[in-house]
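Have a look at the picture first, and then we can read it together.

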Amino acid sequence: MSNTTPKAAGYAFPAEWHPHEATWLSWPHNKESWPGKINTIYKPYCEFIKEVAVGEKVCINVKDQVMQDDATEKLIKVGANLDKIQFYHHPTNDAWCRDHGPAFVINPNTGKKAIIDWGYNAWGGKYPPFDLDNKIPSLVANKLGLETYHPGIVMEGGSVDFNGKGIVLTTTACLLNENRNPHLDKEQISEYLVNYYGVDTIWWLGDGIEGDDTDGHIDDITRFTSHDTVVTVVEPNKKDPNHFPLAENLAALKELRVDDKPLNVVELPMPKPVIYRDQRLPASYANFYIANSAVVVPTYRDDAKDKEALDTLTQLFPDRKVVGIDSTDIVWGLGSFHCLSQQEPKV
């Protein structure tokens, strides 16, 4: 543990398209996250791993050898390259590695990498227990022999998105929610973002989408696709509860500037409502994951909107294969591929 901050030591959190050393995952096993449906998620989840493993190593946290063997069997069924997959016996409470996993920062000047071990409380204490998940960053740091910083506050990877050139995008709905860090105000939280993620500028949007139990994670609404371009989801149907907050976010984005030019804002559609057991689920195309060789996009059995989202992202990522994988069952867990993964950058 260091006495200085990552930013003071020259570290910063890179953009997701920065070359990856690996992708980290925590194998899904908590039946309460997918009540009555967990067995249906493994095929698309393993297809996601298969695509990511084409271009990088995939590191998977599992409870023990029994879980590892089960995971291996499922990965073989989809034809994943097991040579690119590495298991770590790190028990977890749940699968949402974006939020409980290690946040890797890099220092290009020294060629070093470090881990920020933010606190994790399952989105404001909603889903106890979460003690095993909260230990994952330190377990990974110990295994990899990396320096670890402990900010001492709650922060989730899905609540922030980075352009790799000093800007972080987040929401007031999540970061200022009293169930996260009630002792901190906006200015104090901003200081943590700057000092621990190594950024210079914070862009705040407002509310998230219907059905999102994270209180408005940015990775369901707006994402950087380059240092000066974002995609943001929109809902033209004024009767849909997502219409107004997404329109507000769109208007705010159009006021922002990068390099003294207006931010390039590209609109993504929202799929038709995905409802299961009378519950509106947070189905969003913005929950894509940028891997070394692919961009994996959740789809929702909405042919027209699925195609529109994939076509839009294909234009924005000409150097990567854009792959759609059906996430209709996975999103019953209230998240998708981005929520399930955390990238480890190369230095």
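Which residue takes a positive phi just after α7? That residue is Gly 198, with a phi of about 70°. Please keep in mind that this is a predicted model, where local features need pLDDT of at least 70, side-chain atom pairs count only at pLDDT 80 or more, and totals for chains, interfaces and linings use all residues. Residues are numbered from 1 along each chain as its sequence is written, and side-chain values use heavy atoms, leaving out hydrogens and water.

**Helix α7**

Helices here are DSSP runs of H or I with at least four residues, numbered from the N terminus. At the start of α7, a side-chain oxygen of Asp 185 comes within 3.2 Å of the backbone nitrogen of Glu 187.

Gly 198 returns here, as one of the residues nearest the centre of the second largest pocket.

| Pocket | Volume | Lining | Among those nearest the centre |
|---|---|---|---|
| Largest pocket | about 410 Å³ | 25 residues | Ser 33, Asp 94, Trp 96 |
| Second largest pocket | about 160 Å³ | 17 residues | Ala 12, Phe 13, Gly 198 |

A pocket is an open set of points on a 1 Å grid over the protein atoms alone, where a 1.4 Å probe fits, with protein on both sides within 12 Å along at least five of seven lines; lining residues have an atom within 4 Å of a point. A volume is the space filled by probe spheres set on the points.

Terms used
Polar contact = N/O pair within 3.5 Å; in protein donor to acceptor, adjacent residues only side chain to side chain. Helix = DSSP H or I, 4+ residues; strand = E, 2+ residues; numbered from the N terminus.
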